[in-house]
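Open the model in your viewer and keep the selection tool ready. This tour moves from one stop to the next and tells you what to pick.

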Amino acid sequence: MSRRRELIRYLGARMALVPLMLWLIASLVFLLLRVAPGDPIDALLGPRAPEAARIALRHQLGLDRPLINQYGSFLGDLVQGNLGISQHSQEPVRAIIGASLPASVELGMVALLLAAVLGLAVGLSGIARPEGRLDLAGRLFGISTYALPPFWAAMVVQLVFAVGLGWLPVGGRFPPTLLEPQGSGFFLFDSLRAGNWAQLQGTLRHLVLPASTLALLLSGIFTNALRLNLRRALDSDYVEAARSRGLSERRVVLRHALPNALLPVLTITGITVASLIGGALLIEVTYSWPGIAARLQEAIAQRDYPLVQGIVVVVAALVVLVTVAVDLLVALLDPRIRF
Amino acid sequence: MALSPLTPLTLPLARLPRLRSRLVGLATLRRWAAAMALMALPALLAGCQPARPSGLLIIASSSRIDSLDPTQASRSGIMQTLSALGDPLYVIAADGTITPRLATALPQLSADGLRARIPLRQGVSFHDGTRFDAAAMAFSLQRFMAIGTLSYQLTDRVRAVRVSGPYAIELELLRPFSPLPRLLSSIFLTPVSPRAYRNHARSPLNDRFVGTGPYQLSFFSRQQQRLTPYPHYWGAKPANSGLALVSLSNSTALYGALRSGEVDVLLSGNLEIDHQQALHREAEAGRLRETVGPALEISLLSLLTDQPPLQNPSLRRAVALSLDRATISQRVSLGLRPPLQELVPPSLPGSDPKAWPAYNPTEARRLFRQAGYCQGRRLELPVTFRSDVPTDRLFALTWQSQVRRDLAPCLALAVSGMESTTAYSQLDKGSLTMLLYDWAGDYPDAENFLTPLLGCSASRGQRCLKGNSVASGSFWSEPGLEAQLQDSSIQTGPAREALLRTIQRRAAAATPYIPLWLTRPVAWSRRQVSPIRFDGSGRVVFGELHLEGQP
């Protein structure tokens, strides 16, 4: 079978599993929410609202229907792409996700870019002299940033650069003195498209601390992955062969070892992207970033069943799609991979 | 060797001997460039701060606002914002007096007390330019009764709302209700423009608000709202050129935003005690302003009275006597939460500040001994706190230690945490022996504190079978108590206040609850901001705020 056919067959099999996975995830989150203690009516009305008001609201929200009927309606709506209405705000769940997801994706992408640059730079730094000072410093950097508790790191960065030095905003996504860019929800893109320099500046200022903190925390993954794979590549036979042909060390590293060492890093990047789609909860909470993770946390606290279900299903779908896309990309780049 | 950001890239190349000498010079140059860039960064970042429009005030709180529709209002954050965008029928001043706002006089009651006629102000317009009149007020109240989250506050008391003239409405009451003006001071009953809401008569309109208040909404998102003065406002014009309301999700961010001058005013919300204390010290040192509003939120312990061991009233009283509120308040809240010995906030008519007994370990020990404890037998009492409220945990642990110190042979507290929504759902199931929680009435009146805790629609002896007392986790009632509660909604003046005090004393004697402390709204502001004033409903009067030197 040709490689292209193999690839198409693999892609078909992966995509065929997507609906099954989403059904499993949706069913699981539906059941877990109902099993978990707590009542959406309490979250909405407080514990001491009159019984009549509680019954009326329960009926209005359809929570008095048998569980199997609620489940049937949920799945039926989901198949039609209808994620329901938030019990808390009475807004369509799709609109709420549409407003929160771009914030998380924007933060995640900028952080990932910074993390990749920083992590790969540190990972490369020790290559010249294994076990030298730079190599040890790179290892220490990789381990310590990976091990940093995100909440603590975010708080320290916030206290130093926002509260102490006052260089950057403490939190939020945009300055309150300006009007938010309108459009896709990706403020960097929207302000650039509108050519509004003040909006772009405001967006960047608010992005610096959360993105840098997240990047710092993620960069260790890249550092360690690149360091290990590059070291392995440099010890391999084809690199020795390249050296013996008299190629310069620079050419050996950049043209022969690095591309092979970057393939596993690409897979790790894919997994990191997938995890960032769901948002970086602790970063979002610390920096008051109005992303999907913070929204999910609020929805769980409010027992807003449709919103929790909607966010989990959408994030799961995106994670599955990103994972498949990364697998395909790796397969396309690495001819050794068989399916 | 000092590292520049470019060093990692240059080092592998440095292995090449021929380039080495060139690279040394290049690396030095790059290090200098990096150092210069790093030094310039702070100035660059500081210089990038967007210019603030003159007279605009930035106000931060922890409240995220999902909806600006008054029918969806149930939290203090949205109430505060609505109070700037809308007008209620009546307002309560800090001294407790009620004055008409959109009404022109207090409700005129029929002889049987079942019909209330409310004359309305003329010359008022909505933000969309339409006229405010009786039809608009009736539309808004009927809409609230149909879809309001707190609709029961009205539907439990009002049968129908009618237009009785171009500028007068009539409320048909289910029974006489003396705190009606206080109920009608609720900002969630603020009128909205029938024209703007015609497609939302039975559904909420979340991201817009078209009311009659001093400000109109010019931008809305969950995290930020921009308010600009309404030029055709009928009353006193705002003293500022607009407000930017921002939500920050954690205490450190809120504290830091005020400290760094990023915001002008900070409303306390969920600020941690340490941060409140730090701001308090700043205010004492004259670097900030601090204003405390009327306390309208109480914290209390509910006691499960229909099951052992707390079905014994003497034991409940002994537990109440074992609570050293003053010490615990000092330790947990650094004295910022005043101890409370009643269920009604002291600022409200009907308050009885000493209804519950004060800390008295001697008397507590006597009562425990009388119940068969202390002589080699110790009462093990489970206390549940809300694990998502840091102060609750501190309270539980401090009380546990205090009891261990003062009453070790008689009483031991077993403390455990439970997430608040879960705890609330367990209250009416009778599974929590003691739970600490807060209560803030939806409008400032004693009835709104006593009925939700003591009301009972079906009882047997001292056991409540159905009603608010069950929902509040005490399951306690007494013959005649419900009648007194109902009567307190009919009586007026000193007779009503006396009755409210009687009800409190009855509750105190049976101890189904133990009041703990008061939570007061606090606002901090930069020195450049004019002094802050709270109204009698515990909300900051935004319209009076301005940057001093900018009239």
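Predicted model: local features only at pLDDT ≥ 70, side-chain atom pairs only at ≥ 80, totals over all residues.

Now widen the selection to S1(B) and strand S11, residues 265-267 of chain B. The two strands pair in the parallel sense, over two bridges.

**The sheet in chain B**

Seven strands of chain B form an open sheet, in the order S8-S9-S10-S1-S11-S20-S12. The pairing is mixed. Strands of a sheet pair through backbone hydrogen bonds, either parallel or antiparallel. Which strands stand at the edges? Pick S8 (215-220) and S12 (288-292) of chain B. Each has a single partner strand, so one side of each has no neighbour in the sheet. Look along the sheet: the twist averages 20 degrees from one strand to the next.

H8(B) lies across S12 and strand S20 (522-526) of chain B. H8(B) runs at about 115 degrees to S12(B).

**Two backbone stops in chain B**

Go to Pro308(B) and Pro309(B). The peptide bond from Pro308(B) to Pro309(B) is cis, with omega near 0 degrees. Pro309(B) is found in the loop between strand S13 (297-303) and helix H9 (313-321) of chain B.

Then select Thr511(B). Its phi is near 50 degrees, a positive value in a residue other than glycine. Most residues other than glycine have a negative phi, and most peptide bonds are trans. Thr511(B) sits in the loop between helix H17 (493-510) and strand S19 (513-519) of chain B. Is Thr511(B) buried or exposed? Thr511(B) is buried, because 24 other C-beta atoms lie within 10 Å and the cut-off for buried is 20 or more.

**Where the chains touch**

Show both chains. Here 54 residues of chain B are in contact with 58 residues of chain A. On the chain B side, several elements supply at least two residues each, including helix H2 (17-47), strand S1 (56-61), strand S10 (242-247) and helix H7 (251-259). Which element gives the most? Pick H1(B), which gives seven residues. Colour this side of chain B by residue type: 27 residues are nonpolar, 20 polar and seven charged.

**Across to chain A**

Chain A has 14 helices and zero strands. Its C-alpha trace spans about 85 × 60 × 40 Å along its principal axes. Of the 339 residues of chain A, 42% count as buried. Take the contacts in chain A between residues at least 6 apart in sequence: 71% of them join residues at least 24 apart.

Select helix H1 (residues 3-35) and helix H14 (residues 305-333) of chain A. They pack at an angle of about 160 degrees, with their axes 10 Å apart. Therefore H1(A) is roughly antiparallel to H14(A). The crossing of H1(A) and H14(A) is right-handed. Show side chains at the contact. Among them are Leu11(A), Met21(A) and Phe30(A) of H1(A), and Val312(A), Ala316(A) and Leu328(A) of H14(A). The residues of this contact divide into 20 nonpolar, one polar and one charged.

**Last stop**

Select Gln90(A), in the loop between helix H4 (67-79) and helix H5 (93-125) of chain A. The phi of Gln90(A) is near 65 degrees, a positive value in a residue other than glycine. Gln90(A) is partly exposed, with 19 other C-beta atoms within 10 Å.

Definitions and conventions. Residues numbered from 1 in each chain as written. Chains lettered and ligands numbered in written order. Contact = placed C-beta atoms within 7 Å. Helix = DSSP H or I, 4+ residues; strand = E, 2+ residues; numbered from the N terminus. Nonpolar A, V, L, I, M, F, W, Y, C, P; charged D, E, K, R; others polar. Axes fitted to C-alpha atoms, helices over the stretch in contact; angles between N-to-C directions. Parallel < 35°, antiparallel > 145°, perpendicular 65-115°, else oblique. Left-handed = near helix turned anticlockwise from the far one by under 90°. Pairing = 2+ DSSP bridges. Buried ≥ 20, exposed ≤ 12 C-beta atoms within 10 Å, placed from the backbone.
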